[in-house]
Number of protein chains: 2
Amino acid sequence: MHTCTKANLPRVDALSEPFINRLRKAVAIPSISAEDERRQDVFKMGDFLASELEAVGAQVEKRYLGKQPHKEHLDLPPVILARYGNDSSKRTILVYGHYDVQPAKKEDGWATEPFELSIDEKGRMYGRGSTDDKGPVLGWLNVIEAHRIAGISFPVNLLMCFEGMEEYGSEGLDEFVREESRRYFAGIDAVCISDNYWLGTEKPCLTYGIRGCSYYSVCISGPSQDLHSGVFGGSAQEPMTDLVRVLGSLVDTHGVIQIPGLMDLVAPITDEEKAIYTDISFTMNNLYESLGSTTAIFDDKERTLMARWRYPSLSIHGIEGAFSSPGAKTVIPAKVIGKFSIRTVPDMEPDDVDKLVFKFLKDEFAKLGSKNTLEVSLQHSGKWWVADPKHWNYSAASKAAEHVWGVKPDLTREGGSIPITLTFEEATGKNVLLLPIGSSTDGAHSTNEKLDKKN
Amino acid sequence: MHTCTKANLPRVDALSEPFINRLRKAVAIPSISAEDERRQDVFKMGDFLASELEAVGAQVEKRYLGKQPHKEHLDLPPVILARYGNDSSKRTILVYGHYDVQPAKKEDGWATEPFELSIDEKGRMYGRGSTDDKGPVLGWLNVIEAHRIAGISFPVNLLMCFEGMEEYGSEGLDEFVREESRRYFAGIDAVCISDNYWLGTEKPCLTYGIRGCSYYSVCISGPSQDLHSGVFGGSAQEPMTDLVRVLGSLVDTHGVIQIPGLMDLVAPITDEEKAIYTDISFTMNNLYESLGSTTAIFDDKERTLMARWRYPSLSIHGIEGAFSSPGAKTVIPAKVIGKFSIRTVPDMEPDDVDKLVFKFLKDEFAKLGSKNTLEVSLQHSGKWWVADPKHWNYSAASKAAEHVWGVKPDLTREGGSIPITLTFEEATGKNVLLLPIGSSTDGAHSTNEKLDKKN
């Protein structure tokens with residue numbers, strides 16, 4: 001949260017107690033956007049955030065987005081807009097975050113109550129939302145407050161946009177951002193999003209790229225209803241037999257995608273880009289720790305990071321319609337739907353990827369000589385995003401991070417998608433910076449989510 | 001139910017009303033063995049059956065099997081044993097059936113209330129248990145009663161054994177049958193089981209063989225927990241990628257099992273056996289109707305029936321641990337378990353099949369060069385069973401069926417398993433006859449289960 005200032009703020013440590021108390025109050029509100037019965041808590045959290053923003057001197061507006069699509073009995077929680085500073089001689093930074101959280105129950109395996117902030121002797125603050133994304137959101141309030149108390153002028157104007165539906169598809173936000181880009185967000189100079197994580201635990205980073213994702217369903221069907229394998233095994237062509245063969249043709253154990261032409265869409269690597277990977281603070285042990293195993297595709301850091309950030313990957317997620325419970329069931333499923341997705345990178349155009357995928361699946365299925373029926377569809381696609389890391393938004397953030405941490409932050413990319421990044425970039429036309437606050441071990445969507453005090 | 005008598009029983013039609021009323025009362029008792037809260041109804045159905053048996057003149061005993069394993073709060077329902085006739089000059093036939101039923105709810109898609117017998121204009125009697133197996137069980141009572149009313153001596157002594165846990169694994173029955181084979185069942189001459197179905201709807205059949213089933217799990221694991229495909233796709237070897245490839249190597253679209261040596265275990269077909277298939281009343285349209293499609297492996301009756309009855313088949317049932325719900329989830333599952341089973345036939349020894357399967361999966365997995373871990377296990381295996389269709393038990397049944405239906409019944413086999421068949425044969429050492437009562441369209445475990453009046 002010190003990104004946008006280069007001033008010394010010596011009293012920040014003295015402020016840590018009130019900062020933690022604010023996070024404690026926020027964590028105590030179970031603002032779970034995915035659970036209907038918690039919607040009132042999402043609203044409560046929005047009110048809390050708005051009043052805290054007002055308390056530090058921001059001008060706050062609540063913007064209501066109407067009813068929730070497909071759940072018309074629910075009101076969407078408001079987008080909290082706030083402005084801090086309006087000095088035309090300063091740059092204006094648009095900040096995005098969210099105040100809703102993932103579901104959490106003690107019995108899921110939490111060591112502490114998920115909606116009570118618990119701090120251990122190492123300064124790890126446990127609680128749902130601590131790192132995703134209440135901690136980072138309140139970080140902006142902390143930095144404003146620290147400046148005020150230190151009597152130091154804030155170096156930029158801040159426009160803040162905090163939503164309450166991020167963990168449930170950011171319902172309504174895309175349209176809102178596009179509309180406000182000509183109104184409330186007009187005149188901003190850059191965007192800063194704090195909703196991702198450091199690559200490791202010790203070194204800060206700035207994130208300038210995200211892979212896209214094209215998610216496909218491949219449905220194979222034959223009989224009109226599920227069959228008993230004792231009665232029909234051997235006499236009917238089984239959709240599941242066809243499906244595992246088709247899915248098995250997509251990618252190999254070493255991650256090599258078997259779809260002809262797909263790799264030709266990938267932008268070749270330049271020497272300049274290649275050089276970035278060598279210095280990045282990451283070891284194979286970091287990967288093995290995250291995996292909980294040594295089942296990595298590559299044995300070296302460079303190829304691992306490239307595979308994660310700048311090359312496509314294909315993952316098979318599962319099969320709908322087949323037997324998926326523990327135990328034994330002798331069913332021949334009548335209709336099975338394989339799900340897989342491709343992480344896309346520059347310069348893969350989603351439409352081109354779709355064409356290659358559809359053709360490949362059709363060809364592979366044709367080879368089987370099956371009487372069953374194949375249907376392939378795209379479930380959703382989100383495009384990759386890459387920013388220019390030489391933009392002043394990045395150099396300023398880099399200097400600020402170096403000031404706080406004593407080390408130049410790594411320039412990283414993300415393998416996963418944060419679709420709102422692209423929306424902000426396209427709607428505002430401005431450089432977007434992803435400024436991760438939490439570390440790689442925070443467990444954003446898991447049990448025992450935490451944020452380290454130092455972060 | 002006329003199998004064991006060759007006498008004319010002209011007043012049977014006049015009796016149909018009381019017979020149907022008895023079935024109506026039985027169907028009204030929801031004796032679902034798989035649902036804890038229905039256990040009292042299973043006991044109630046046992047009491048009803050015992051009192052009906054006494055009413056037709058049988059000597060009845062209820063045998064309690066103790067507590068249900070793994071569900072110690074539940075008592076197992078009694079096995080109802082009954083004797084009708086004790087004339088040493090007559091043969092004694094042991095009859096097996098069950099009085100529990102599968103679960104059923106109107107909202108599953110029943111056109112009528114599942115626990116109210118509803119009869120349509122075509123004489124189809126709808127209701128849970130109508131054909132599986134309350135109808136066939138009560139059929140034995142009907143035939144006793146018809147003889148009594150007609151004043152005709154019953155041609156054999158009947159020993160009846162009706163259990164209440166068949167739809168939940170016949171808990172405790174195997175041991176019970178083995179023990180009683182030296183006591184209550186001592187002195188029987190043959191066994192008759194009515195718990196399967198005609199091959200079609202028009203021609204009766206006698207069933208002299210059943211395929212066995214060996215059910216396998218193949219587990220592939222790597223990371224210690226599920227991963228996000230955006231973050232780890234491309235850098236981790238994915239268990240699901242390996243699993244679909246291994247499963248895809250087992251069998252092809254045309255049902256050809258790819259496991260070397262497996263087909264060598266199958267008994268070669270003789271000319272005598274081959275000749276049986278030609279005359280069997282079955283058409284490809286019968287198969288297409290059951291499938292609800294024309295996605296059959298073979299285009300001719302003979303190869304279809306052989307594939308179903310006398311050759312092994314391999315079906316892939318599903319995958320545990322992967323994403324199996326509707327929608328899109330970008331997970332890399334950490335541990336996935338493929339389930340498949342092989343229907344076995346003479347002379348495949350289950351142990352030999354296991355060895356070939358384990359070796360094949362190990363070899364296929366080794367080809368992938370994966371760092372993940374493979375574990376293969378046998379979940380359960382039931383052996384195939386074939387009786388001698390030239391035994392007097394079959395010729396008597398054949399003559400009786402011909403007398404009733406005016407046509408010699410087909411000699412058929414079953415693709416699926418009825419494990420209790422083998423238990424009875426092994427425990428008593430006597431010929432077992434499977435005497436199907438219901439027809440192929442009855443939908444035993446489905447919604448709208450029915451039994452035709454004529455059957």
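Predicted model: local features only at pLDDT ≥ 70, side-chain atom pairs only at ≥ 80, totals over all residues.

Reader: Which residues does UniProt place under "binding site"?

Author: The unreviewed UniProt entry gives that feature to His98(A), Asp132(A) and Asp195(A). These residues span 98 positions in sequence, yet no two of their C-alpha atoms are more than 8.3 Å apart, so they gather at one spot.

Reader: Where does Asp132(A) lie, in terms of secondary structure?

Author: Asp132(A) sits in the loop of chain A between strand E7 (124-126) and helix H3 (134-150).

Reader: Is Asp132(A) buried or exposed?

Author: Asp132(A) is buried, its relative accessible area being 3%. Leaving aside neighbours within four places in sequence, its contacts include His98(A), Asp195(A), Glu167(A), Tyr197(A) and His445(A). With His98(A) there is also a polar contact of 3.0 Å between the side chains.

Reader: And Asp195(A), where is that one?

Author: Asp195(A) belongs to the loop between strand E9 (190-193) and strand E10 (205-210) of chain A. Asp195(A) is buried, with a relative accessible area of 10%.

Reader: Which side chain does Asp195(A) join through a polar contact of 3.4 Å?

Author: That partner is the side chain of His98(A). Beyond four places in sequence, Asp195(A) is also in contact with Tyr96(A), Asp132(A), Asp133(A), Glu166(A) and Ile418(A).

Reader: Turning to the helices, at what angle do H2(A) and H3(A) cross?

Author: The axes of H2(A), residues 39-55, and H3(A) come within 10 Å and cross at roughly 15 degrees. An angle under 35 degrees counts as roughly parallel, and H2(A) and H3(A) are therefore roughly parallel to each other. Their crossing is left-handed.

Reader: Which residues make the contact?

Author: From H2(A) they are Met45(A), Leu49(A), Glu52(A), Leu53(A) and Ala55(A). H3(A) contributes Lys134(A), Val137(A), Leu138(A), Leu141(A) and Arg148(A).

Reader: Now chain B. How many residues of H6(B) are buried?

Author: Nine of the ten residues of H6(B), which covers 239-248, are buried, so this helix is largely enclosed by the rest of the structure. Among them are Pro239(B), Met240(B), Leu243(B), Val246(B) and Gly248(B).

Reader: What do those buried residues pack against?

Author: In chain A, they pack against helix H6 (239-248) and strand E13 (313-320). In chain B, the partners are strands E11 (212-221), E13 (313-320) and E15 (335-344), together with helix H10 (350-368).

Technical notes
Residues numbered from 1 in each chain as written. Chains lettered and ligands numbered in written order. Heavy atoms only, no water. UniProt positions renumbered as here; feature names shortened; annotations may be inferred. Helix = DSSP H or I, 4+ residues; strand = E, 2+ residues; numbered from the N terminus. Buried < 20%, exposed > 50% of the residue type's maximum accessible area, 1.4 Å probe, protein only. Contact = heavy atoms within 4.5 Å. Polar contact = N/O pair within 3.5 Å; in protein donor to acceptor, adjacent residues only side chain to side chain. Axes fitted to C-alpha atoms, helices over the stretch in contact; angles between N-to-C directions. Parallel < 35°, antiparallel > 145°, perpendicular 65-115°, else oblique. Left-handed = near helix turned anticlockwise from the far one by under 90°.
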